[in-house]
Amino acid sequence: MADRPDNRGMIRRFWDWFWGPTAVLSVGFTLIAGFLAGIFFWGGFHWSVELTNTEEFCVSCHTMETNLGEYRETIHYNNHSGVRAICSDCHVPHEWSHKIKAKIMAVKDVYHEMVGTINTPEKYEEHRLQMASAVWRKMKASDSRECRNCHNFDYMDFTLQEVRAASEHQRAIDSDMTCIDCHQGIAHRLPPSYLEEYEKVLEALSMTPSSRRLAAADHEATQFYLRSRSE
Amino acid sequence: MLEIFGTIGGNALGLPGLLGVALGMMTRHIWLAALMGGLVGIVETFLFAGWQFANLEMLELVVAIVVGVLAGCVGCVIRLKGASV
């Protein structure tokens with residue numbers, strides 16, 4: 001390509017034109033045009049990212065329909081207050097840079113869709129524990145950030161909660177536990193032996209020195225809770 | 001690997017990348033541009049960690065600083081190439 005003289009000439013001329021001073025445009029014109037182009041570009045970009053946050057988009061891959069079906073039976077789909085949590089509310093962060101990160105990492109979803117990692121119900125169930133484990137890892141590491149976009153211990157009236165919920169939540173605050181430590185399977189069916197897998201996630205995370213916040217959490221309390229539930 | 005790519009992308013399209021280029025375009029000194037970009041990276045990471053050391057992720061901090069420094073340099077090169085002052 002590069003050795004075709006006419007072609008190189010064109011790129012060269014564009015390059016020189018691009019960096020040359022404007023002879024016909026005022027500074028104001030260039031600035032306003034650039035400003036408007038920026039608004040349109042950013043708005044369009046943001047809008048496209050939001051489109052990939054809809055339930056329709058997630059379920060456009062039929063492999064995600066298993067999760068859709070299960071989630072439709074749960075409280076986050078239908079409840080007495082009429083507030084719905086959709087896929088992206090639990091799986092996609094709100095903060096801009098975390099959101100972009102999640103979207104880039106989801107490129108692997110497209111790859112696995114193409115090679116058919118989970119394209120039959122059997123394959124799906126075989127793979128579920130591994131996928132759930134990836135989600136737990138993210139949620140534990142972010143202190144269940146997505147849940148906390150809607151829920152917050154501070155806004156809970158413990159006197160209105162069931163006794164067991166209130167006492168467990170008090171314990172969670174005391175020992176720095178996070179929602180996903182106790183609420184696995186809140187929207188989807190849990191694979192067998194999920195408790196063992198969750199313990200592995202905890203262990204793997206407490207090994208990483210970077211996650212200092214996790215080090216502050218009381219792992220024994222969490223493990224005690226998990227064991228008491230599996231009995 | 002995916003995690004690192006994602007973090008880089010998030011920072012390039014976030015404060016360190018955008019503000020880094022903008023600040024870099026304000027100077028003809030590449031070291032100053034790099035410094036300002038790096039500072040944005042640090043400030044952003046702290047901002048999102050709620051100003052608490054305990055919430056800081058090392059990987060995110062390093063990536064944010066590197067992206068910020070690079071963005072600052074790109075901005076500075078744009079200034080050198082595209083402006084005569």
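## Salt bridges

A salt bridge is a side-chain nitrogen of Lys or Arg within 4 Å of a carboxyl oxygen of Asp or Glu. This is a predicted model, where local features need pLDDT of at least 70, side-chain atom pairs count only at pLDDT 80 or more, and totals for chains, interfaces and linings use all residues. Side-chain values use heavy atoms, leaving out hydrogens and water, and residues are numbered from 1 along each chain as its sequence is written.

Over all chains, a search of the whole structure finds 15 salt bridges. One of them joins A:Asp109 to A:Lys108, with the closest N and O atoms 2.7 Å apart.

## Pairs along a helix

Helices here are DSSP runs (H or I, at least four residues), numbered from the N terminus. In α12 of chain A, A:Lys200 and A:Glu197 sit 3 residues apart, about one turn of the helix. They form a salt bridge whose closest N and O atoms are 3.8 Å apart. Which of the two is buried, and which is exposed? A:Glu197 is buried at 15%, while A:Lys200 is exposed at 51%.

## Two positive phi angles

Most residues other than glycine have a negative phi. A:Asp143, however, has a phi near 55°; its place is the loop between α8 (121-141) and α9 (145-148) of chain A. A:Ser193 has a positive phi of about 60°, in the loop between α11 (179-182) and α12 (194-207) of chain A.

Note on methods: Chains are lettered from A and ligands numbered from 1 in the order in which they are written. Buried means under 20% relative accessible area, exposed over 50%, partly exposed in between (1.4 Å probe, protein chains only).
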